[in-house]
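Thanks for making the time this morning.

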Amino acid sequence: MSRTCPLLTVQPSRGLVDEKFVITVKHLPPKQEVTLYSLHECENGNFWEAFGHYVSDPQGAVSGTDDASVGGTYEGIEPMGLLWSMRPVPGSKPGLRLRKKNVQTPVVVQIFVYMGHLNQGFREQVALACSPVERWYMAPGVQRVDVTDPLVRGTLFLPPGPGPFPAILDMWGIGGGLVEYRSALLASHGFVSMTLEYHSVKKVKADIHLLHFEKAFRILQEHPLVASECVALLGLSYGCYISLYMAVHSEVAKPRCCVCINGSHVKSTKTAFAPALEFFKQNMSKMHIDKENCVIWKDILLPISSDLDTKLDVRKIKCPLLFVNGLDDQSLPAAESAEDMHMMMEKAGNSHLLTVLSYPKTGHLIEPPYSPHCHASIFFLDSSLYMMMLWGGQSKPHADAQEQSWRKILEFLQQHLYYGKDSAPLSRL
Amino acid sequence: MSRIRPLLTVQPCRGLVDEKFQISVKYLPPKQEVTLHSLLQSEDNNYWEAFGYYVSDAKGAVKVAEDASVGGTYEGIEAMGLLWSMRPEPGSKPGLRLRKENVESPVVVQISVYKGHLSQGFRKQVALACSTVERWYMAPGVQRVDVTDPEVRGTLFLPPGPGPFPAVLDIWGGSGGLVEYRSALLASHGFASMTLEYMPYEGRKSDVNMAYFEKAFGFLQEHFLVDSKSVALLGLSFGCNVCLSMAVYSEVVQPKCCVCISGTHLYPVKSSTLSVLKELEKQTHKIHVDEKNRTIMKGILLPVPTDPNLKTEVGKIKCPLLFIIGLDDENWPVAESMEDMQKMMEEAGNSHLLTALSYPGAGHLIEIPYTPHCRTSRYISPQHGKKMTLLWGGRTKPHADAQEHSWGEIIEFLQKHLYSGMDPEPLSRM
């Protein structure tokens, strides 16, 4: 007698990357050991996977939202574990990092159900059931626009609608090139967002100058769909330094608020911005190598001096500032910087503007929710010089930090960029 | 100083057509009158719209799932009102019916917020905010396959995965053509589903008989991804005549279960469909055209005949049967038929197989949830090409509720009878 397969459903089957889904399996035999497995082929052709071990209930059902995984790449009740705990499949090159380049197509993840509690060899088995899931950075109606100003290289994402919208200048760290997915997702949440390419491995000799960023800020402010007084800065890693620099020094780019993720106010050189390669070459002696041959950069900026010449004068900041840091950040001394900034601002009387969110066992690369935690990866300083960079963090706490911080970041941006009953006027307005 | 616009969110922004969404608006001024508006452009280039009147709360927010609409095309707390209460824009051709032909692309709906309580001229106003929503019949991974068997014309939709899957033979009614969306959605729920073309359409005259439907059923059963013992029949309108006749008279078709929507057991299809249609034509004098020139068909089958040859012998049905009717159906005498069927099955001793669901205020075209209620539409009779405006019946709100409730019941019924059956045999067979 033949038998139909169990019924696997994932809802929604097409979601934004920061939306939760509900995975259920029905019509299994009762008390059946099964493995829920996820598989993704990234744009570079590498495969990423995650899996959880479950046991069906007396009705033959498994619920990813209500049942606990008892083994695998994640444990416990983790509705999104099949995404955030993904890692490269065994045999992959070391040092991979999962980043979507083309944001106009979805991330496609295949979800499988296998009989028994498996730990390997998934692709040689026949699954009981499978279902693809689409995860999108861009909501329907969001537009992607290349920024064609000769001084500014970037991409603009526009929400659907007549506007005007609040806007965000979105800055990543050094060496990443033009990274679009966070801006695409911000636009899906109602913000015009521009991501900048200010430092690429191909152009290390080019100077990074305040003018570039002020121009970018102005392009955003003057866009017909942007409310010019509602432009924020958002930075990760070195992008934080740029954001803080503008908030402190710029006469023309006055952000409504700032979000900094794992950055520092400590200057890396005496000049405003310096090519990273030169700076780090000069400080090689302060780098550590751990027993897995991964490079740790955080001590380069430590200890934080009390000499005001060595850091940005955050006492001059006039806008609300959200500072997110991972306490296991091995790349930058984000936690120490947060503490020092708070001390400086308290003495100056503007610490009410600062909100610090610190996440234990969380590393440097705090990304949008449910993307896999990257503990270490190959990092290119220029086209020929690369190293295995230790970012830090442990899988589960880092995943929780990504989920919680993203929600707080969106709340913070919405609170300060939209008029609302409770928002107090900013001092500069 | 410019004022930022309010923030409109719809979640999920990409959903299946039978999934609920949540619409909320934030950062309005408090106690602000606003209109929420939906707009879609159909494949035949007509515009459909709906709207609801809201007042923001003290924090300047509107939540459609929690707040009541106080006017518009729907009223009260109706999370999905902006979809099911849609109707053609003023000035559209009369008699339109909204049906998706290309199921591989989504239905795209614009949701907008307007200041004040407006009832017209939306497209000339500037909205405060808007958002685009996609509604899909096909889940990712569902495959659409043209059925190229020379003797069977249809489209097969397969769920993703290794199978084997339970299957549904999906049979529409007298309007004819090849209608794919319901099968596409059934596949998104885990059923291999085949929709059939069998009625003469647009002047093409062809006859099909029971053998045609048996071939179609066999095709489905023998498909390598289908569990041959788990195939159901689903019919709407005339499609129910076909389903019930197959269940009772066919010696080769043994459906695991049957779903009949807006159907009747009268006028069985024992041999050819054309011969049944010819029989019905003899009764056309009983068709009533009302004062608005709308054709009410149901008289054709009334009164319920006493001649047993004119009734499918439902007392011989051996499988579970879900029978769904709208009590305001003006097209077929579904209530009278249901009553007669129940009597026949009680006398035969198989009435425990029947689950009857009747919906007050619902009309004939009980379709997928959240699709607009169609009370009347232009109809071209497949046999003669004669044009008329048919009254299908139903009132918008109860019909919408019926679509939502009945679809849930249909999916549950199909899953219960096609998926379950806890097999006590060893697991190694999996």
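This is a predicted model: local features need pLDDT of at least 70, side-chain atom pairs count only at pLDDT 80 or more; totals for chains, interfaces and linings use all residues.

On the side of domain 1 of chain A that touches domain 2 of chain A, helix 1, residues 81-84, and strand 9, residues 129-136, each supply at least two residues. Sorted by class, that side of domain 1 of chain A holds 12 nonpolar, three polar and nine charged residues.

The rule also finds three salt bridges across this interface of domain 1 and domain 2 of chain A. A salt bridge that I would like you to look at is the one between the side chains of A:Glu367 and A:Arg97, with an N to O distance of 3.0 Å.

As for the bounds, the domain assignment of chain A places domain 1 at 7-136 and domain 2 at 143-418. The centres of these two domains of chain A, taken over C-alpha atoms, are separated by 31 Å, and the contact itself involves 24 residues of domain 1 of chain A and 29 residues of domain 2 of chain A. How much area is buried between domain 1 and domain 2 of chain A? The value is about 2000 Å², and carbon and sulfur atoms give 62% of that area. On the domain 1 side of chain A, A:Asp18, A:Trp84 and A:Arg97 supply 34% of the area buried against domain 2, which is more than any other three residues.

Let me turn to chain B, where the domain assignment gives domain 1 as 7-136 and domain 2 as 143-418. The C-alpha centres of domain 1 and domain 2 of chain B lie 31 Å apart, with 24 residues from domain 1 of chain B and 29 residues from domain 2 of chain B taking part in the contact. The area buried between these domains of chain B comes to about 1900 Å², with 62% from carbon and sulfur atoms, and in domain 1 of chain B the residues that lose the most area to domain 2 are B:Asp18, B:Trp84 and B:Arg97, together 35% of what that side buries.

Across this interface in chain B, the rule finds three salt bridges. B:Glu367 and B:Arg97 form a salt bridge in which the closest N and O atoms are 3.1 Å apart. There are seven residue pairs in polar contact between domain 1 and domain 2 of chain B, both residues being at pLDDT 80 or more, and the elements giving two or more residues to the domain 1 side are helix 1 and strand 9 of chain B. That side of domain 1 of chain B divides into 12 nonpolar, two polar and 10 charged residues.

Now to the interface between the chains. Chain B and chain A bury about 4400 Å² between them, of which 63% is on carbon and sulfur atoms, and the contact takes 51 residues from chain B and 52 residues from chain A. How many salt bridges are there between chain B and chain A? The count is zero, whereas nine residue pairs are in polar contact between chain B and chain A, both residues at pLDDT 80 or more. Among the elements of chain B that give two or more residues to the side touching chain A are strand 1, strand 12 and helix 7, while strand 9 of chain B gives the most, with six residues. By class, this side of chain B has 28 nonpolar, 14 polar and nine charged residues.

Notes:
Residues are numbered from 1 along each chain as its sequence is written. Chains are lettered from A and ligands numbered from 1 in the order in which they are written. Side-chain values use heavy atoms; hydrogens and water are left out. Domain bounds come from an automatic or database domain assignment. Contact means heavy atoms within 4.5 Å. Buried area is the accessible area (1.4 Å probe) that two parts lose on being put together, summed over both. A salt bridge is a side-chain nitrogen of Lys or Arg within 4 Å of a carboxyl oxygen of Asp or Glu. Helices (H or I, at least four residues) and strands (E, at least two) are DSSP runs, numbered from the N terminus. Ala, Val, Leu, Ile, Met, Phe, Trp, Tyr, Cys and Pro count as nonpolar, Asp, Glu, Lys and Arg as charged, and the others, Gly among them, as polar. A polar contact is a pair of N or O atoms within 3.5 Å; within protein, one must be able to donate a hydrogen and the other to accept it, and residues adjacent in sequence count only if both atoms are side-chain atoms.
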